[in-house]
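Here is a short briefing on salt bridges and pockets.

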Amino acid sequence: MTDFLKLRKSAPDGFFAAEAAGLRWLAEPGVVPIVDVIDHGVDFLRLGRLDEVGPSAEAAASFGRKLARLHDAGAPGFGWSPAPQSFFGPLDNPFEVRAESVDDFTDYWVEQRLRPLAAAAAGDLMGEDEATVASAIDSISTGAFSGICGDGEESPARVHGDLWAGNLMWTPTGVTLIDPAAHGGHRLEDLALLDLFGTPFLEEIFSGYEQIHPMPAGWQEDLPAHSVFALLAHIRLFGHGFVGQTVRAARSIIARAEQLDR
């Protein structure tokens with residue numbers, strides 16, 4: 001077979017169109033291999049089939065360099081989506097997120113992503129846990145994470161948006177990306193998701209990335225502020241089992257914001 005069919009008869013309106021548009025937008029700069037879009041419809045997406053191989057340090061470092069160049073391709077704004085609608089989550093249970101383009105990262109991250117999702121997770125986040133997450137979001141709302149390590153302000157990057165290890169396909173020609181939630185975002189969003197649940201040869205990916213974009217010392221301490229959206233999404237999608245990890249991330253965010261404010 002030369003193609004791969006994703007099929008869901010009850011897919012939300014616009015879901016497969018959004019994924020197809022995201023893949024094409026990520027492929028547009030020609031800097032990272034992206035799975036080919038062959039066709040799509042209301043309830044299906046037909047993709048090129050990929051041959052898988054095992055991960056390697058060399059392929060990981062190469063991917064890190066390519067990811068930096070993808071981010072450099074930029075986006076019209078934070079929250080901008082290449083399709084009228086934007087979704088996050090697995091094929092069997094995605095949810096829609098706002099796709100409004102704004103100039104300010106903090107406004108996009110807090111108002112479009114974090115606060116709505118925290119409200120949606122309120123049934124599982126209660127009492128002190130809910131207060132800790134709310135405090136972390138308040139810390140982000142100060143603008144502490146609009147740059148990196150408290151310095152400057154990032155421009156909108158072209159991000160994959162759901163860059164956990166399962167969406168990296170290790171092929172004979174290197175890492176190929178699948179299943180995006182592509183949008184204009186902070187480049188640490190992608191790096192934070194690679195870190196969140198573990199990725200093979202993560203340090204080599206980061207090292208390759210820093211060959212193109214050297215990072216300030218301690219930059220990885222910013223990552224919880226950029227992965228907390230995915231953690232809140234996991235509470236919404238999968239329930240209470242992700243509350244502990246989310247609260248630990250929230251405490252790290254609060255501590256990091258206080259550190260950057262000194």
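Glu111 is partly exposed in this predicted model, with a relative accessibility of 33%. Its salt-bridge partner is Arg115, at 2.8 Å from N to O. Arg115 is also partly exposed, again with a relative accessible area of 33%.

**Salt bridges**

- The count comes to 11 salt bridges.
- Glu111 and Arg115 sit in helix H3, which spans residues 105-120. They are four residues apart, about one turn of the helix.
- Arg98 pairs with Glu100. Their closest N and O atoms are 3.1 Å apart.
- Arg98 is partly exposed at 37% relative accessible area. Glu100 is partly exposed at 41%.
- Buried or exposed: which describes Asp222 and Arg256? Asp222 is buried, and Arg256 is buried as well.
- Asp222 and Arg256 form a salt bridge, with the closest N and O atoms 2.8 Å apart. This pair links distant parts of the chain, 34 residues apart. Asp222 lies in the loop between helix H6 (202-212) and H7. Arg256 belongs to helix H8 (residues 243-261).

**Largest pocket**

- The largest pocket holds about 510 Å³ of space.
- Its lining has 28 residues. Nearest the centre lie Gly89, Pro90, Asp162, Asn167 and Asp179.
- By class, the lining divides into 17 nonpolar, seven polar and four charged residues.

**Second largest pocket**

- About 180 Å³ of space lies in the second largest pocket.
- Which residues line the second largest pocket? Phe4, Lys6, Val35, Leu47, Gly48 and Arg49 are among them. The lining also includes Leu50, Glu52, Met169, Ile178 and Asp179.
- Strand E1 (3-7) and strand E3 (44-48) are the elements that give two or more residues to this lining.
- The lining has six nonpolar, one polar and four charged residues.

**Where the topics meet**

- Asp179 lines the largest pocket and the second largest pocket.

Notes
Residues numbered from 1 in each chain as written. Predicted model: local features only at pLDDT ≥ 70, side-chain atom pairs only at ≥ 80, totals over all residues. Heavy atoms only, no water. 1 Å grid on protein atoms, 1.4 Å probe; cavity = no way out; pocket = protein on both sides within 12 Å on 5 of 7 lines; lining within 4 Å. Points joined across faces, edges and corners; volume = space filled by probe spheres on them. Nonpolar A, V, L, I, M, F, W, Y, C, P; charged D, E, K, R; others polar. Salt bridge = Lys/Arg side-chain N within 4 Å of Asp/Glu carboxyl O. Buried < 20%, exposed > 50% of the residue type's maximum accessible area, 1.4 Å probe, protein only.
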